[in-house]
Amino acid sequence: MADKEPQQPEELPIVLVHRLPSFKIPSDSSFRDQLRSQFHMLDPHESPEPYDSFLARHAPFIRVLMTIGPSPVSAEFLERLPFLELIVATSAGLNHIDLPACWSRGIVVTNASLAFAEDVADCAVGLLIDVLRRISAADRFVRDRLWPVKENYPLGFKLGGKRVGIVGLGSIGSEVAKRLLAFGCTIAYTSRIKKQSVSFPFYANVRDLAANSDVLVLCCALTKETYHMINKDVMVALGKDGVIINVGRGSLINEKELVQCLVGGEMGGAGLDVYENEPNVPKELFGLDNVVLSPHCAVMTPESFEALDQLIVVNLKAFFSNKPLVSVVSNE
């Protein structure tokens with residue numbers, strides 16, 4: 001017995017909950033009950049013990065960390081959990097987690113992209129249709145009682161036949177492609193690596209993709225390499241009629257240059273669900289009818305959160321029973 005790793009007295013497998021104080025475990029009571037019936041959920045913020053001593057006392061027994069929302073996971077934080085093997089993230093974006101530090105330790109990371117993919121893709125396509133057909137602007141036109149006065153509303157643009165470049169052909173990007181193919185669009189993409197199982201044309205850099213597209217849909221992760229990858233050079237390559245849809249992260253785009261191009265008529269339009277400095281949105285965009293704005297809500301459906309709950313439980317159960325994980329983040 002002396003040669004074995006120390007065991008915590010609780011019988012249920014231990015999962016450390018990592019969250020900012022303002023974030024909670026998803027609020028559905030049945031999901032919380034399901035978690036607590038199958039796992040010992042350790043939440044430092046629910047303990048009267050100081051955070052640092054709580055973490056130090058439990059660290060030898062922590063193999064799994066569940067992160068809630070954008071709770072930062074730095075290399076320094078990981079050093080405090082020497083036996084950590086798995087991080088189960090409840091978000092699709094992972095710019096709050098030091099992935100290289102995880103991979104250097106052999107720590108596996110899963111995210112929510114599989115659970116969120118369909119609804120985020122629906123939102124991306126909805127934003128694109130809205131921009132092209134001017135649906136939100138037309139709604140304002142009618143509500144402002146301008147129809148009887150101006151009579152003719154400006155023409156929109158057809159979606160079918162558009163060349164769509166997808167930036168990041170992961171779970172979400174693949175769902176976007178599937179939907180837009182049904183509309184008669186042609187698809188190309190850029191990604192960290194060319195995907196051998198995909199027949200769409202691949203471009204090694206986003207500027208070349210933009211030069212051969214009418215629309216860019218941003219679905220990739222925010223990293224040091226993708227920060228401000230959509231700059232004025234890319235926007236100019238996309239062209240005066242080009243449209244950008246962003247359901248990834250706000251800082252994928254140089255927002256100041258995007259505003260300049262839209263205000264200056266150097267682009268056809270944009271549909272944005274994410275921004276550089278949320279919840280602050282550049283005021284210059286508010287008066288543009290060729291721009292559709294939404295408040296980072298692409299994942300906000302009951303179905304998405306139900307799928308996330310199921311994904312979390314599936315991965316926790318799989319880990320503790322030595323079965324394959326799903327929605328694993330690749331380090332390629």
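**Close-up views of a predicted model**

**View 1. A loop residue with positive phi.** His 228 sits in the loop that runs between strand S8 (215-218) and helix H10 (232-238). In this predicted model, phi of His 228 is positive, at about 55 degrees, although the residue is not a glycine.

View 2. Look next at Arg 134, placed in the loop between H5 and helix H6 (135-143). Its phi is near 60 degrees, a positive value in a residue other than glycine.

**View 3. A cis peptide bond in a loop.** Here Glu 278 and Pro 279 are joined by a cis peptide bond, with omega about 5 degrees. Pro 279 belongs to the loop between strand S10 (269-272) and strand S11 (291-293).

**View 4. The largest nonpolar core.** This core has 51 residues, and those with the most contacts inside it are Leu 35, Met 66, Ile 166, Val 176, Leu 180 and Ile 245. Helix H5 gives the most to this core, with 12 residues. Why does the core lie between the two domains? Domain 1 (14-112 + 301-321) and domain 2 (117-293) both give residues to it, so the core lies between them.

View 5. Leu 114, Val 314 and Val 326 make a nonpolar surface patch of about 230 Å². Leu 114 lies in helix H5 (residues 113-133). Is Leu 114 buried or partly exposed? With a relative accessible area of 49%, Leu 114 is partly exposed, because exposed would need over 50%.

**View 6. The annotated stretch.** An unreviewed UniProt entry places the feature "domain: D-isomer specific 2-hydroxyacid dehydrogenase catalytic" at residues 55-329. Over residues 55-329, the chain is 37% helix and 13% strand, and the end C-alpha atoms are 26 Å apart.

Note on methods
Residues numbered from 1 in each chain as written. Predicted model: local features only at pLDDT ≥ 70, side-chain atom pairs only at ≥ 80, totals over all residues. Heavy atoms only, no water. UniProt positions renumbered as here; feature names shortened; annotations may be inferred. Helix = DSSP H or I, 4+ residues; strand = E, 2+ residues; numbered from the N terminus. Patch = residues over 30% accessible without salt bridge, like charges linked within 9 Å, V, L, I, M, F, W, Y side chains within 5 Å. Areas by Shrake-Rupley, 256 points an atom, 1.4 Å probe, with all protein chains shown as cover. Salt bridge = Lys/Arg side-chain N within 4 Å of Asp/Glu carboxyl O. Buried < 20%, exposed > 50% of the residue type's maximum accessible area, 1.4 Å probe, protein only. Core = buried A, V, L, I, M, F, W, Y, C linked by side-chain atoms within 4.5 Å. Domains from an automatic or database assignment.
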